[in-house]
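Hello,

Here is the structure I promised to pass on to you. Have a look at it first, and then read on for what turned up.

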Amino acid sequence: MMIDKEIIENCKNGKLNDFRKLIEQVTPYAFSVAFRITGDEEQSKDIVQDSMITIWKAIKKIESAGSFNTWLYRIVVNKCYDHLRRKKRNPESRADENTWALISNRISENPSSALENSEISGIIGLLTERLSPKQKAVFVLSEIEDMSNEEIAEILGISRINVKANLHYARKKIGEMIEKYL
Amino acid sequence: METGVPKYEKVMDILKNSKPDFSGEKELTDNVLRHIQEEKSKIDLPELIIDYLFGWVYIGWVRRSMIAVTACIAIFFCYQQALILRRIDDLSGQRINDGTIIMTNMNDDLASKILNYRFPGRRLTKEDIDASKREIDELIKSLDRVQTKYQELVKAIGNNTELREYIESRMKEKSKSKI
């Protein structure tokens with residue numbers, strides 16, 4: 001995601017038109033991360049909307065435009081954490097067998113075609129249901145969003161070693177599940 | 001039969017290739033901007049005052065400069081305190097001669113206590129003496145008594161070598177030859 005530095009500087013000076021441009025540029029990325037972490041489309045839209053309002057309120061605090069991406073993802077991930085914590089109190093039951101069948105079908109028949117939102121949500125939800133919110137965030141950012149360990153460490157505010165440890169655990173758990181059910 | 005790792009990679013590839021479909025982008029943008037404009041129209045006086053007074057904290061170089069200045073002031077304060085304490089210590093060890101008496105810092109040393117009341121070789125004139133003749137006589141008598149007792153003490157020490165050695169060793173400890 002490449003954001004024009006001038007747009008960020010103009011947003012810092014309170015120009016709403018530039019903020020509109022910024023929203024249009026960053027929301028698909030923010031939504032992608034939020035949706036892949038939470039697995040809930042409507043909640044992800046709310047998270048992105050809240051994140052954009054938070055960004056507008058605090059954009060003056062950004063010291064350099066270069067750190068904007070990290071800052072944006074940090075806000076989004078923190079809001080996802082809040083959502084996951086609330087959700088943990090009211091866990092939903094999942095249709096495990098159907099989802100495993102769907103994954104199996106995709107692997108064997110049409111691995112290159114894109115999944116629908118509900119399918120992505122079902123698969124990620126199933127794979128990460130035994131992970132903590134932090135492990136889930138590390139897994140999504142690293143394995144699906146293809147971010148480096150350095151970027152993830154900055155976004156989550158943890159050390160690179162911690163990122164590696166969380167990723168190792170997440171891969172192991174998910175690998176075990178895939179081996180068992182597919 | 002495939003192992004867990006290739007299957008894992010295949011699943012990850014499927015997820016990577018499937019970007020979530022983000023519908024309602026315009027609606028979301030409008031909602032955010034409407035919310036911001038509503039907030040703008042509300043004049044929050046305390047927030048305005050706080051922003052006006054402390055808005056500079058958002059400026060990185062100002063914040064860093066303030067931290068540096070604060071650190072410098074703290075270091076200077078500590079240095080100054082150390083200097084003051086050292087000077088007080090020096091002064092407390094010095095003797096003050098005001099022409100009549102010599103003052104030193106008070107301690108348990110007997111010689112120092114005597115020195116506190118010793119005249120520094122100043123010759124007194126008749127006008128300076130306001131004591132009566134009777135008081136001066138009493139002073140001379142008491143001096144005589146002290147002298148007699150001192151002589152008796154010296155004599156007693158002279159007959160007792162053990163006591164002499166003990167007193168001499170104590171004198172050496174205090175670096176004094178005579179009380």
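A salt bridge here is a side-chain nitrogen of Lys or Arg within 4 Å of a carboxyl oxygen of Asp or Glu. Please keep in mind that this is a predicted model. By that rule, the side chains of R20(A) and D30(B) form a salt bridge, with 3.5 Å from N to O. The rule finds 3 salt bridges across the interface of chain A and chain B. There are also 7 residue pairs in polar contact across this interface, both residues being at pLDDT 80 or more.

Which elements of chain A supply at least two residues each to the side that touches chain B? They are helix 2 (16-38), helix 3 (41-58), helix 5 (96-108), helix 6 (117-127), helix 7 (133-144) and helix 9 (160-181). Helix 2 of chain A gives the largest share of that side, 11 residues. In total, 46 residues from chain A and 32 residues from chain B take part in the contact. The two chains bury about 3,600 Å² between them, and 67% of that is on carbon and sulfur atoms.

Chain B also has a nonpolar surface patch of about 1,200 Å², with L45(B), L48(B), W56(B) and M66(B) among its residues. Helix 3 (45-54) and helix 4 (60-92) of chain B each give two or more residues to the patch, and helix 3 of chain B has the largest share, 7 residues. One residue of that helix is L48(B). Is L48(B) buried or partly exposed? L48(B) counts as partly exposed because its relative accessible area is 49%.

Best wishes

Terms used. Residues are numbered from 1 along each chain as its sequence is written. Chains are lettered from A and ligands numbered from 1 in the order in which they are written. This is a predicted model: local features need pLDDT of at least 70, side-chain atom pairs count only at pLDDT 80 or more; totals for chains, interfaces and linings use all residues. Side-chain values use heavy atoms; hydrogens and water are left out. Patches are made of residues with over 30% relative accessible area and no salt bridge: like charges are joined within 9 Å, nonpolar side chains (Val, Leu, Ile, Met, Phe, Trp, Tyr) within 5 Å. Accessible areas come from the Shrake-Rupley method with a 1.4 Å probe; for residues, only the protein chains shown count as cover. Helices (H or I, at least four residues) and strands (E, at least two) are DSSP runs, numbered from the N terminus. Buried means under 20% relative accessible area, exposed over 50%, partly exposed in between (1.4 Å probe, protein chains only). Contact means heavy atoms within 4.5 Å. Buried area is the accessible area (1.4 Å probe) that two parts lose on being put together, summed over both. A polar contact is a pair of N or O atoms within 3.5 Å; within protein, one must be able to donate a hydrogen and the other to accept it, and residues adjacent in sequence count only if both atoms are side-chain atoms.
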